[in-house]
Amino acid sequence: MQKFSKIVLETKKLQKTPCRIDVLEALNQASTALSEQEIKDRLHFDYDRATLFRTLRTFLENSLIHQVVVQKNEVKYALNQLPLQLEQQVGHAHFHCDKCNKVFCLDAVSRDLLNIPKDFQVNSFEIMFNGFCAQCRAN
Ligand SMILES: [Zn+2]
Ligand SMILES: [Zn+2]
């Protein structure tokens, strides 16, 4: 049993299934958001599509991960930062690299930076910056 996934699943009172552990460790080790295929490539066992889909659903429902929609058709997944409550309150923007198609979670954004009227309540937001990541810029 690896440490990160064990703590997370216990905190959320979720059963420690092999697929859940495998997916959590894969997302934790990645420095970018991952598509379903990219997650699959990193798993230690070839779970069927339904199992993987259910696992991602469960994580979304329990606020363990979030979805990032890239260019309207591709969905990537990334871990929420702990503590989970803070993540929900603040949120963060994403950076998409036009060259290598990687998606990075950026640091949390303060609403003061976005000029949102004081009496408006933000429930969710999506901000995507497109450009070249450091690695692609260097090449
Ligand atoms: Zn890049
Ligand atoms: Zn993110």
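**Entry 1**

I began with an open sheet of three strands, ordered 5-4-6, in which the pairing is mixed. I noted that strand 5 (103–108) and strand 6 (128–131) are its edge strands, each pairing on one side only. I took pairing to require at least two bridges found by DSSP between two strands. Helices (H or I, at least four residues) and strands (E, at least two) are DSSP runs, numbered from the N terminus.

I recorded that the model is predicted: local features need pLDDT of at least 70, side-chain atom pairs count only at pLDDT 80 or more, and totals for chains, interfaces and linings use all residues. Residues are numbered from 1 along each chain as its sequence is written, while chains are lettered from A and ligands numbered from 1 in the order in which they are written.

I then looked up strand 4 (residues 92–97), which runs parallel to strand 6 and is joined to strand 6 by four bridges. Cys97 has Gly131 of strand 6 as its bridge partner.

**Entry 2: strands 1, 2 and 3**

I found strand 1 (residues 34–35) antiparallel to strand 3 (residues 74–79), with two bridges between them. Six bridges pair strand 2 (residues 65–70) with strand 3, also in the antiparallel sense.

**Entry 3: helix 1 and its two sides**

I listed Ser5, Val8 and Leu9 as the buried residues of helix 1 (residues 3–11). Viewed down the helix axis, these buried residues fall within an arc of 95°, so they line one face of helix 1. The arc is that of the directions from the helix axis to the C-beta atoms. On the face turned away from the buried side I found the exposed residues Lys3, Ile7 and Glu10. A residue is buried if 20 or more other C-beta atoms (placed from the backbone) lie within 10 Å of its own, exposed if 12 or fewer, and partly exposed in between. After helix 1 comes Lys13, with a positive phi near 55°.

**Entry 4: helix packing**

I saw that the buried residues of helix 1 pack against helix 2 (18–29). The axes of these two helices come within 9 Å and cross at roughly 115°, and the crossing is right-handed. Axes are lines fitted to C-alpha atoms, for helices over the stretch in contact, and angles run from 0 to 180 degrees between N-to-C directions. Phe4, Ser5, Val8 and Leu9 of helix 1 meet Arg20, Ile21, Leu24, Glu25 and Asn28 of helix 2. Contact requires C-beta atoms, placed from the backbone, within 7 Å.

I next took helix 2 with helix 4 (residues 49–61): they pack at about 65°, their axes 10 Å apart. Cys19, Arg20 and Val23 of helix 2 make the contact with Thr51, Leu52 and Thr55 of helix 4.

**Entry 5: Leu43**

I located Leu43 in the loop between helix 3 (36–42) and helix 4.

Conventions. Contact = placed C-beta atoms within 7 Å. Left-handed = near helix turned anticlockwise from the far one by under 90°.
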